[in-house]
Amino acid sequence: MTEAAASTVAWLSTAPVKGLALLDHESAVLGPAGLEGDRRFHLTDETGRLVNGKRLGVLSQVVAAYDAASSTLELRFPDDEVVSGEIALAGPVETGFYGTFRTGRVVVGPWAEALSTYGGVTLRLVATDKDGAGIDRDRHAAVSLLSTASLAKLAEVFGIPDVDRRRFRMSVGIDGVGAHEEDEWFGRRLRIGEAVVIPHAHVGRCLVTRQNPDTGKPDLDTLGAIKHYRGEIESEEPLPFGVQARVVEAGLVRVGDSISVE
């Protein structure tokens, strides 16, 4: 990507509760912990193990909205039932995140019961002690990046018009670059609006990407397709699709903002 490339922010997405539906934003502050409010909460089962879309796909149908200023959380279910209230925290807990542990506090209120009823599994809602701790990339990563051209390439492999970007749950979308051009940015400073990030690794894909974001049910063999045409890519991550980055300069980012390599 050159200075003359007309590269811009295509989307900004967060999930206030990990595993629930993505929220799109016209603007957001991008800081060391990622986009403001992203993965602020997560869900566990009775054993303290993380529960996300991989284990319970129907979670993707529930929309969460969190207001940090008022410390309120709202959940909207597919039948338009709304559960909301002010956050209160109880005792400390540890959550198992794929071989690591994240500390947090149990959230007291109606949300866990409503989600348990909806999902048919007993769930606890947890707030991480540290902003960004609910993002399960490597310890240096706060934000994920994917180009619209990479999505178009995957659709071409399938022979279909498009692939829903929500399958990949990426923070920042990029218009105006070639397919998988983001792979070339490792170790380089990338200015996105007022923020600067340094990509350093691929994002390895998992079974969640096979699920339809509207139903939570598998309906597209994304993993097979990625393996088919990207199986020879050198990467420490399995099935690489998109990149992850650390944030070195915080700032406001808007959809349509320019993106450039410094």
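This briefing describes selected features of the structure shown above. The model is predicted.

- In general, the strands of a sheet pair through backbone hydrogen bonds, and the pairing is either parallel or antiparallel.
- Strand 13 and strand 17 pair in the antiparallel sense, over three bridges.
- Within this pair of strands, V143 stands opposite A245 in strand 17.

**The helices beside the sheet**

- Helix 2 spans residues 148-158, and its buried residues are A149, S150, L151, L154 and A155.
- An α-helix has 3.6 residues a turn, so residues three or four places apart point the same way.
- The buried residues of helix 2 pack against strand 1 (8-14), strand 13 (143-147), helix 3 and strand 17.
- Just after helix 2, G159 takes a positive phi of about 75°.

**An aromatic pair**

- The count of aromatic pairs in the model comes to three.
- In one of these pairs, the rings of F41 and Y66 have their centres 4.9 Å apart and their planes at 85°; because planes over 60 degrees apart count as edge-to-face, the pair belongs to that class.
- The pair links distant parts of the chain, with F41 in strand 5 (residues 41-44) and Y66 in strand 7 (residues 63-67), 25 residues apart.
- F41 counts as buried, because its relative accessibility is 2% and the cut-off for a buried residue is under 20%.
- Y66 counts as partly exposed, because its relative accessibility is 26%.
- R40 lies over the face of F41, at 5.9 Å from the ring centre.

**Loop residues with a positive phi**

- H180 is not a glycine, yet H180 has a positive phi of about 60°.
- H180 is placed in the loop between strand 14 (172-175) and strand 15 (190-192), and H180 is buried, with a relative accessible area of 9%.
- L239, also a residue other than glycine, has a positive phi near 50°.
- L239 is found in the loop between helix 3 and strand 17, and L239 is partly exposed, with a relative accessible area of 24%.

**Two further loop residues**

- T209 lies in the loop between strand 16 (195-204) and helix 3 (222-230).
- The relative accessible area of T209 is 2%, so T209 is buried.
- Apart from its neighbours within four places in sequence, T209 is in contact with R167, F168, T222 and L223.
- A250 occupies the loop between strand 17 (240-249) and strand 18 (251-254).
- A250 counts as exposed, because its relative accessibility is 51% and the cut-off for an exposed residue is over 50%.
- Not counting residues up to four places away in sequence, A250 touches L30, G31, P32, E194 and A195.
- A250 and A149 are 101 residues apart in sequence, and their C-alpha atoms are 26 Å apart in space.

Terms used: Residues numbered from 1 in each chain as written. Predicted model: local features only at pLDDT ≥ 70, side-chain atom pairs only at ≥ 80, totals over all residues. Heavy atoms only, no water. Helix = DSSP H or I, 4+ residues; strand = E, 2+ residues; numbered from the N terminus. Buried < 20%, exposed > 50% of the residue type's maximum accessible area, 1.4 Å probe, protein only. Contact = heavy atoms within 4.5 Å. Phe/Tyr/Trp six-rings, centres within 6.5 Å; stacked < 30°, edge-to-face > 60°. Lys NZ or Arg CZ within 6 Å of the ring centre and 35° of its normal. Pairing = 2+ DSSP bridges.
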